[in-house]
Amino acid sequence: MKIENQITSKIAEAVSILFNITVSPAQAAVQKTKSEFVGDFTLVVFPFVKASKLSPENTAQKIGEWLQKEMKEITSFNVVKGFLNLELSNEYWWEFFTSNYKNSSFGYTPINESSKIQMVEYCGPNTNKPLHLGHVRNCLLGYSVCEILKANGNKVIKVNIVNDRGIHICKSMLAWKKYGAGETPESSGMKGDHLVGKYYVEFDKHYKKQVNDSMAQGLTKEEAEKNAPLMLEVKQMLRDWEDGDEATLALWNKMNGWVYDGFDITYAKLGVDFDKIYYESQTYLYGKEIVLNGLQREIMQQRADGSIYIDLSKDGLDEKTLLRSDGTSVYITQDIGTAVLRANDYHFSNLAYVVANEQDYHFKVLFLILQKLGYTWANGLYHLSYGMVELPEGKMKSREGTVVDADDLMEQMILTADKTTRELGKIDDFDSVEANDLFRTIGMGALKYFMLKVDPKKKMLFNPAESIDFNGHTGPFIQYTYARINSLLKKAAASAIEPLKMPMEIQNKERELVKMVYDFPSVINQAAETYSPALVANYVYELVKNYNSFYHDFPILKEEDSTTRIFRINLSLFCAQVIKNSMKLLGIEVPERM
RNA sequence: GGCUCCGUAGUUCAAUUGGAUAGAAUGACAGGUUUCGGCCCUGUUGGUUGGGGGUUCGAAUCCCUCCGGGGUCACCA
């Protein structure tokens with residue numbers, strides 16, 4: 001049992017005996033003492049002053065005295081206004097330190113048979129264009145959340161949903177057929193997803209020209225758009241696809257194949273992966289029977305024209321159409337089908353969708369419908385609604401060409417890491433494989449940290465110039481600290497064998513570090529509960545800053561007192577381990593040297 | 001317009017979920033045994049938490065209102 005919880009239950013006991021009141025665990029809970037004050041844990045006593053009929057100071061004083069008598073771990077306390085600061089014994093912290101400092105999986109909860117199954121959907125690409133900056137945030141978040149959930153003791157299943165059908169992919173196909181002259185990834189040397197994306201743009205170009213020409217001849221914009229030959233052709237192509245026309249399907253398969261080869265490269269570079277990929281072309285028909293079944297059970301209604309909808313007005317939402325009058329599915333119907341399919345495939349207890357907050361309304365409706373259909377697992381659905389990525393000049397607009405491409409972005413980061421690292425000249429003895437691996441580690445570390453340090457729920461500004469910065473609150477800063485500790489530990493290898501004993505004197509900064517690594521498991525827990533990698537990112541940064549300050553102020557290998565020296569070496573070891581484990585949760589590697 | 005999310009140093013982000021004097025980074029300026037790896041460390045500077053009201057021992061956080069911004073309101077996805 002964690003010491004905070006022990007203290008909390010003792011506090012409940014204390015106020016019951018002293019003031020004759022019963023309090024909730026929340027009221028008796030302690031929090032970490034702020035660093036400006038002396039102490040380890042703090043109780044806020046204001047909620048008890050009415051019952052104690054004493055001043056806040058005296059209330060705190062009484063509780064403090066009682067706790068000090070009852071708990072051997074509490075050696076002293078002080079009172080500032082209504083705040084009771086408790087200080088734990090060095091022996092307590094020492095006991096914690098010695099029993100965990102060598103544990104390479106410190107903070108991680110093991111997974112066993114009774115672990116919950118947690119599914120996470122992320123990425124969600126379309127097959128008509130390459131991944132962009134928005135997908136990057138999505139993928140990094142999704143992957144990191146999965147790592148955190150695993151570390152918190154869940155069985156995690158990572159799934160992707162690929163939007164591989166519909167008018168958008170037909171546009172690329174048609175343009176390729178008309179203007180492509182048989183171009184392939186091999187013949188052009190282009191990555192498959194980029195090649196297909198090129199023809200999507202190509203379609204738009206020709207289409208716009210047709211529209212403009214018609215408008216010049218006096219048609220309204222609407223008429224021109226609707227009747228442009230290209231638009232009519234592409235709609236016919238979609239019908240052909242739905243009818244199973246062989247030539248159309250063959251072209252579709254070929255071009256999607258190119259795209260998937262391209263995506264695989266991008267996923268690998270990003271360091272993300274999936275246990276199962278769902279394709280909309282395979283699931284889009286599945287929701288229909290569920291809706292029809294819902295109609296029979298009168299959960300849904302039918303209009304005179306045959307379309308089927310659900311009335312959510314009693315829940316503060318609107319009517320939502322689920323099947324068109326011609327009987328075909330709409331987007332949300334596919335999502336209903338896919339969700340049921342997944343529940344049958346994996347029997348998850350939770351399913352989190354990593355999708356941008358522009359779809360908040362969609363998921364509200366989706367979850368509500370699934371609940372109304374009576375699926376028990378529907379209560380375990382969660383929309384991890386993250387904020388959109390914006391650029392200094394505003395939103396990304398594909399029409400204005402301001403989209404930041406994922407592959408280009410990663411390449412830029414790695415090139416910058418290359419340049420910066422070579423300038424420092426510390427890795428002159430690396431061969432080219434080692435060096436390239438390092439540049440990738442640093443460049444991707446910078447990018448990942450930059451995107452994960454901000455609260456997922458908030459929109460974020462992506463400033464290319466700042467993201468590439470390696471100083472301050474950045475990934476490379478953390479990686480550097482790790483590499484430096486690693487170098488220290490290598491040199492210390494011999495002396496570290498001596499037995500670890502508690503030093504006579506423990507410095508404040510050492511004590512702070514011990515307390516910080518002690519927090520790691522609860523940081524993981526909180527990050528898992530709130531689906532927030534940002535908590536881990538900010539925690540590890542704080543730890544690194546504290547370590548650097550300690551490193552600056554105190555000798556480690558050069559410390560003359562051997563007991564203190566051994567302690568400091570092992571404290572460094574413990575910190576390095578927690579840094580590494582934290583970064584792993586963010587999907588970021590740490591280099592042994594840099 | 002309805003619904004919804006957001007607004008914190010010049011800028012980018014924090015703030016233990018209602019707790020102490022709102023903290024970091026960056027920028028600017030000033031400093032520090034580059035020999036345990038200086039991609040480091042220490043200062044100074046910078047705030048009416050968008051404005052106003054309310055709730056209470058206590059509000060950046062909860063409620064109301066106004067101002068400003070985003071998203072969303074399809075038989076599109």
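# Exercises on a predicted model

The domain assignment divides chain A into domain 1 (3-88), domain 2 (166-271) and domain 3 (406-585). The model is predicted.

## Exercise 1

Describe the extent of the interface between domain 2 and domain 3, and state which residues of domain 2 lose the most area to domain 3.

Solution. 

Step 1. Start with the separation: the C-alpha centres of domain 2 and domain 3 are 46 Å apart.

Step 2. Count the residues in contact. Domain 2 contributes seven, and domain 3 contributes five.

Step 3. Turn to area. The size of an interface is often expressed as the accessible area lost when the parts come together. Between domain 2 and domain 3, about 490 Å² is buried, and carbon and sulfur atoms give 54% of this area.

Step 4. Locate the area on the domain 2 side. T266, K269 and L270 lose the most to domain 3, together 80% of what that side buries.

## Exercise 2

Find the salt bridge across the interface of domain 2 and domain 3, then characterise the side of domain 2 that touches domain 3.

Solution. 

Step 1. The rule finds one salt bridge across this interface. With a cut-off of 4 Å between a side-chain nitrogen of Lys or Arg and a carboxyl oxygen of Asp or Glu, the side chains of K191 and D407 qualify at 2.8 Å, N to O.

Step 2. Polar contacts between domain 2 and domain 3 number four residue pairs, with both residues at pLDDT 80 or more.

Step 3. Assign helices. On the side of domain 2 that touches domain 3, α9 (192-216) and α12 (246-270) each supply at least two residues. The largest share, three residues, comes from α12.

Step 4. Sort that side of domain 2 by residue class: one residue is nonpolar, three are polar and three are charged.

## Exercise 3

Work out the strand order of the four-stranded sheet and explain why β1 and β3 each have one side without a neighbour.

Solution. 

Step 1. Strands of a sheet pair through backbone hydrogen bonds, either parallel or antiparallel.

Step 2. Follow the pairs. β1 is joined to β2 (residues 41-44) by two antiparallel bridges, with K32 opposite F41. Four bridges, again antiparallel, join β2 to β4 (residues 83-88), where F41 stands opposite L86. Six bridges pair β4 with β3 in the antiparallel sense, and I74 has L88 as its bridge partner.

Step 3. Read off the order: β1-β2-β4-β3, an open sheet with antiparallel pairing.

Step 4. β1 (31-32) and β3 (74-80) stand at the edges with a single partner strand each, so one side of each lacks a neighbour in the sheet.

Definitions and conventions. Residues are numbered from 1 along each chain as its sequence is written. Chains are lettered from A and ligands numbered from 1 in the order in which they are written. This is a predicted model: local features need pLDDT of at least 70, side-chain atom pairs count only at pLDDT 80 or more; totals for chains, interfaces and linings use all residues. Side-chain values use heavy atoms; hydrogens and water are left out. Domain bounds come from an automatic or database domain assignment. Contact means heavy atoms within 4.5 Å. Buried area is the accessible area (1.4 Å probe) that two parts lose on being put together, summed over both. A polar contact is a pair of N or O atoms within 3.5 Å; within protein, one must be able to donate a hydrogen and the other to accept it, and residues adjacent in sequence count only if both atoms are side-chain atoms. Ala, Val, Leu, Ile, Met, Phe, Trp, Tyr, Cys and Pro count as nonpolar, Asp, Glu, Lys and Arg as charged, and the others, Gly among them, as polar. Two strands pair if DSSP finds at least two bridges between them.
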